[in-house]
Amino acid sequence: MTSSAPEPDCLFCKIVAGEIPATIVAETADTVAFRDINPQAPTHVLVIPREHHRDVAVMAEQNPALAGRLLADVAAVAQQEGLPGFRLVFNTGAEAQQTVFHVHAHVIGGRELTWPPG
């Protein structure tokens, strides 16, 4: 297992540290879940690892056990939010519109989601 130290300029590392406020909906030893400030559906929660990893591919390579715990925490958040179905999105890289380079899972639901996504 590889531990990644917080990045001083990372928005999500600052949320984990409590330096920037967020509407927290769940916390575990490994993750923090909070409401997205620009929701794309009635329910839009971000679930992030406390460890800093640039994106989901890097995290899966460096700490696959954490990747599994993140997914388990996503499922728990979806259940807590009362979502019978949801979309899980990991934007990976600038070409995929990742704007904060700290892995984060978008849990989106609360309405019918169309396909294909934009």
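Biologist: How many salt bridges does the count come to here?

Modeller: Side chains of opposite charge can pair when their charged atoms come close. In this predicted model, the count comes to three salt bridges.

Biologist: Let's take them in turn. Which residue's side chain does E27 meet in a salt bridge?

Modeller: That would be R50, with 2.9 Å from N to O. E27 lies in strand β1 (residues 24–27), while R50 lies in the loop between β3 (43–49) and α2 (56–62), so the pair ties together parts that are 23 residues apart in sequence. As for cover, E27 is exposed, with a relative accessible area of 51%, and R50 is partly exposed at 27%.

Biologist: And which residue forms a salt bridge with D30?

Modeller: R69 does, and the closest N and O atoms are 2.7 Å apart. This pair links distant parts of the chain: R69 is in helix α3 and D30 is in the loop between β1 and β2, 39 residues apart. R69 is partly exposed at 30% relative accessibility, and D30 is partly exposed at 24%.

Biologist: On to helix α3. How do I read its buried side: which residues are buried?

Modeller: A residue counts as buried when its relative accessible area is under 20%. In α3, the buried ones are L66, A67, L70, D73, V74, V77 and A78. Looking down the helix axis, you find them within an arc of 140 degrees, so they line one face of α3. The face turned away from that buried side carries the exposed residues P64 and Q79.

Biologist: How far does α3 reach from its first C-alpha to its last?

Modeller: The helix has 17 residues and reaches 24 Å, close to the 24 Å expected at 1.5 Å a residue.

Biologist: What about rings? How many aromatic pairs does the count come to?

Modeller: Ring pairs are sorted by the angle between their planes, with over 60 degrees counting as edge-to-face. Here the count comes to one aromatic pair. The rings of F12 and F34 have centres 5.5 Å apart and planes at 70 degrees, so this pair is edge-to-face. F12 sits in helix α1 (residues 11–16) and F34 in strand β2 (residues 31–35), so the pair ties together parts that are 22 residues apart in sequence.

Biologist: Are F12 and F34 buried or exposed?

Modeller: Both are buried. F86 makes a contrast to look at: at 36% relative accessibility, F86 counts as partly exposed. You'll find F86 in the loop between α3 (64–80) and β4 (87–89).

Biologist: Now the backbone. Which residues does a cis peptide bond join?

Modeller: Omega is the angle to read, and a cis peptide bond has omega of about 0 degrees between W115 and P116. P116 lies in the segment after β5 (105–109).

Biologist: And what is the phi of Q97?

Modeller: Q97 has a positive phi of about 75 degrees, although Q97 is not a glycine. Look for Q97 in the loop between β4 and β5, where Q97 is exposed with a relative accessible area of 58%.

How values were computed. Residues numbered from 1 in each chain as written. Predicted model: local features only at pLDDT ≥ 70, side-chain atom pairs only at ≥ 80, totals over all residues. Heavy atoms only, no water. Helix = DSSP H or I, 4+ residues; strand = E, 2+ residues; numbered from the N terminus. Buried < 20%, exposed > 50% of the residue type's maximum accessible area, 1.4 Å probe, protein only. Phe/Tyr/Trp six-rings, centres within 6.5 Å; stacked < 30°, edge-to-face > 60°. Expected span 1.5 Å × (residues − 1). Arc of directions from axis to C-beta. Salt bridge = Lys/Arg side-chain N within 4 Å of Asp/Glu carboxyl O.
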